[in-house]
Amino acid sequence: MSSTGQGASSEAEAREKARARAEAIAYREQNQKDRAKARTLTNMVWALLACFIVVAFLMIVTWRPKHEQVKAVEYTAQLEDAKKVAPWVRGPEPMPSGWTATSVEFRTPEQAPITWHLGTVTNEKKYVGLEQSNVTGGKFQSDKLGRTSDDGTSTLSGVTWQRKVLLDRKQENALVLVGSGATTIVTGNAGYPALEAFASALR
């Protein structure tokens, strides 16, 4: 091959390489522009919106309402049996309207000291409990109430009950009556008016 032919071939190869480089550069520039467009604020907003829609859909599908189930218990038969063993045992007669008994327990003399418990839920879903025992010292009160402070008195049907604030439990109070060989405690988070209504119903 002549020197003239070799020169023409080299120039053609150079032009081809230059064209390939130019196309590669143009492709990279266009690719960068396309990716920049994809990262615009509008696309980000739409992407976030799509995520929120998916999350909301999953929450709707999987959410289940949580209803507090109040399981009522029958207490009158056990109350009558307890009174035969311990005449000082008391129970609400009648139960305040809309209230539900939820727990009951009578510990017999073989499990001394004798204790009687009745737990209730008010019509406002608050708790009021009755605790009684033939223990008249301070131990029964401290076992059931923890630390307390005096908060005046409530007089119900001529009987004076000692009001207590429960220091170890938030927003809980108690009415305490000691006498006739027994300690009677009405306690809960329903407030003094509800505690007084329950104590007044005890027979």
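Modeller: Contact here means heavy atoms within 4.5 Å. The model is a predicted one.

Biologist: Of the contacts in the protein chain with a separation of 6 or more, what percentage joins residues 24 or more positions apart?

Modeller: Take the contacts with a separation of 6 or more.

Biologist: How many helices and how many strands does the protein chain have, and in what pattern?

Modeller: The chain holds 5 helices and 7 strands. Along the sequence they run α-α-α-β-β-β-α-β-β-β-β-α.

Biologist: Which strand holds threonine 120?

Modeller: Look at residues 115-121. Threonine 120 falls in that stretch, which is strand E2.

Biologist: Is threonine 120 buried or exposed?

Modeller: The cut-off for buried is under 20% relative accessible area. Threonine 120 has 0% relative accessibility, so it counts as buried.

Biologist: What does threonine 120 contact, leaving aside its neighbours within four places in sequence?

Modeller: The list includes Met95, Trp99, Thr100, Ala101 and Thr102. Also in contact with threonine 120 are Lys126, Tyr127, Val128 and Phe198.

Biologist: Which backbone oxygen does the side chain of threonine 120 reach?

Modeller: Val128 is among the contacts of threonine 120. The side chain of threonine 120 comes to 2.8 Å from a backbone oxygen, that of valine 128.

Biologist: What separates the C-alpha atoms of threonine 120 and valine 73?

Modeller: Threonine 120 and valine 73 are 47 residues apart along the chain. Their C-alpha atoms are separated by 9.5 Å.

Biologist: What percentage of the 203 residues is buried?

Modeller: Threonine 120 counts as buried. Across the protein chain, the buried share is 28%.

Notes
Residues numbered from 1 in each chain as written. Predicted model: local features only at pLDDT ≥ 70, side-chain atom pairs only at ≥ 80, totals over all residues. Heavy atoms only, no water. Helix = DSSP H or I, 4+ residues; strand = E, 2+ residues; numbered from the N terminus. Buried < 20%, exposed > 50% of the residue type's maximum accessible area, 1.4 Å probe, protein only. Polar contact = N/O pair within 3.5 Å; in protein donor to acceptor, adjacent residues only side chain to side chain.
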